[in-house]
Amino acid sequence: MQPRKRFAAALLFMSPFLVLYSVFTIWPVFQGFWISLWKWGLMGPQEFVGFDNYTRAFGDKYFWGAMENTVTFTAITVPLLMFTAVVFALLANRPTKVRKFARSAFYIPSVLSVSVVSFIAIFLAEPHVGFINNLLHDLHLIPADMEPQWLLGHPLNWVTLTFTTVWWTVGFSMLLYLAALQEIPDELYEAAEIDGASKTQQLFRITLPLLSGTHWLVLLLQLLACFKVFGQTQLITQGGPGNATRSIVQYVYEQGFVKDNLGYASAMSFALFFVLLVVSLVQVGLQRRSER
């Protein structure tokens, strides 16, 4: 009876969370799938259309264009973010007097909201009055009559979105790497030094291989986050120029809340869900194969 009492007590303590999670997370998922089977709007009658919304999505060139933009953003941002996170973690893990300051400085941007981050990016990248172009002019790196379009010029807009995202979100990944670095025994480095290994050899033969588990974790988290990018593209470039930087979540938002087509938006959301599910399964499979 003792295990049953413990299980009942644990279930009792978890029940408030389970109830709230079911009401505000699990149930909306099933409700969203039900809406995706209808021609559903905030105003007017609803009409059951089955899987027509999914068929429409797979034949929608704007849907695939937004998906292509999202994949492009992910392919550029994830490697750069992981590399930056590793570098920041190595710097923050060094036994220097500014170690605590470095950790705080690298992480602080993560606490900002996407609206604040987007405003900073626009202030820096805006032509004629932006900080970046004025700095380039002052350093005589570009002619005085040249104004690079960091916000709406292709492909400079991707540079702005990528570096803004990396600067904003790298802090969390840096903390994961930092925690993993602190788990590596010092004895390994001491033995390597006795054997005559240089700092570079220690980095590539000890540190980076022992961070492999964290690499896979950060890769999965950042892939999921980048595929769901919305705030930066909506606030910085508005998906422009044209539809060049419109993400899939931004297109879902426009269909659902601008064009009042919630059924079609729900269908595209579930299509994105299945894409992320496949990406996650592939990533987990590759991780297990590498660990063997």
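Visitor: Hi! Before I get attached to any residue, what kind of model is this?
Guide: Hello! This is a predicted model, so keep that in mind throughout.

Visitor: Is Asn-53 buried or exposed?
Guide: Asn-53 is buried, because its relative accessible area is 7% and the cut-off for buried is under 20%.

Visitor: What does the side chain of Asn-53 reach?
Guide: The Asn-53 side chain reaches the backbone oxygen of Trp-38, at 3.0 Å.

Visitor: And which residues is Asn-53 in contact with, leaving aside neighbours within four places in sequence?
Guide: Asn-53 contacts Ser-36, Leu-37 and Trp-38, and also Gly-263, Tyr-264 and Ala-267. Two helices come into view there: α1 spans residues 2-36 and α13 spans residues 262-291.

Visitor: Nice, so how do the axes of α1 and α13 cross?
Guide: Their axes come within 7 Å and cross at roughly 120°. That angle makes α1 oblique to α13. The crossing is left-handed.

Visitor: Which residues of α1 and α13 meet?
Guide: From α1 you have Val-29, Gly-32, Phe-33, Ile-35 and Ser-36, and they meet Leu-262, Gly-263, Ser-266, Ala-267 and Phe-270 of α13. Sorted by class, this contact has six nonpolar residues, four polar ones and no charged ones.

Visitor: Changing topic: what is the angle between α7 and α10?
Guide: Helix α7 (residues 156-182) packs on helix α10 (residues 212-227) at about 160°, with the axes 10 Å apart. That makes the two roughly antiparallel. Here the crossing is right-handed.

Visitor: Which residues make the contact of α7 and α10?
Guide: On the α7 side they are Thr-169, Phe-172, Ser-173, Leu-176, Tyr-177 and Ala-180. α10 supplies Thr-214, His-215, Leu-217, Val-218, Leu-221 and Gln-222.

Visitor: What about α3 and α7, how do their axes cross?
Guide: The α3 and α7 axes come within 6 Å and cross at roughly 45°. They are therefore oblique to each other, and α3 passes α7 in a right-handed crossing. By class, the contact has 20 nonpolar and ten polar residues, with no charged ones.

Visitor: While we're on α3, is Thr-74 buried or exposed?
Guide: Thr-74, which belongs to helix α3, is buried, with a relative accessible area of 4%. Not counting residues up to four places away in sequence, Thr-74 touches Pro-79, Leu-223, Cys-226 and Phe-227.

Visitor: Now Glu-183, buried or exposed?
Guide: Glu-183 is exposed, with a relative accessible area of 64%. You'll find Glu-183 in the loop between α7 and α8.

Visitor: And what separates the C-alpha atoms of Glu-183 and Ser-266?
Guide: Those C-alpha atoms are separated by 43 Å, and the two residues are 83 apart along the chain. Ser-266 is one of the α13 residues that meet α1.

Visitor: Let's look at α12. Which residues in α12 are buried?
Guide: In α12 (residues 248-258), the buried ones are Ile-248, Gln-250, Tyr-251, Val-252, Glu-254, Gln-255 and Gly-256. What covers them includes α2, α3, α10, α11 and α13.

Visitor: What happens just after α12?
Guide: Asp-260 takes a positive phi of about 55° there. Asp-260 lies in the loop between α12 and α13 and is partly exposed, with a relative accessible area of 28%.

Visitor: Where else is there a positive phi in a residue other than glycine?
Guide: Gln-238 has one, with phi near 55°, and Gln-238 is in the loop between α11 and α12.

Visitor: Last one for my notes: which peptide bonds are cis?
Guide: The bond from His-154 to Pro-155 is cis, with omega near 10°, and Pro-155 lies in the loop between α6 and α7. Another cis bond joins Gly-240 and Pro-241, with omega about 0°. Pro-241 is in the loop between α11 and α12, where Gln-238 is also found.

Methods:
Residues numbered from 1 in each chain as written. Predicted model: local features only at pLDDT ≥ 70, side-chain atom pairs only at ≥ 80, totals over all residues. Heavy atoms only, no water. Buried < 20%, exposed > 50% of the residue type's maximum accessible area, 1.4 Å probe, protein only. Polar contact = N/O pair within 3.5 Å; in protein donor to acceptor, adjacent residues only side chain to side chain. Contact = heavy atoms within 4.5 Å. Axes fitted to C-alpha atoms, helices over the stretch in contact; angles between N-to-C directions. Helix = DSSP H or I, 4+ residues; strand = E, 2+ residues; numbered from the N terminus. Parallel < 35°, antiparallel > 145°, perpendicular 65-115°, else oblique. Left-handed = near helix turned anticlockwise from the far one by under 90°. Nonpolar A, V, L, I, M, F, W, Y, C, P; charged D, E, K, R; others polar.
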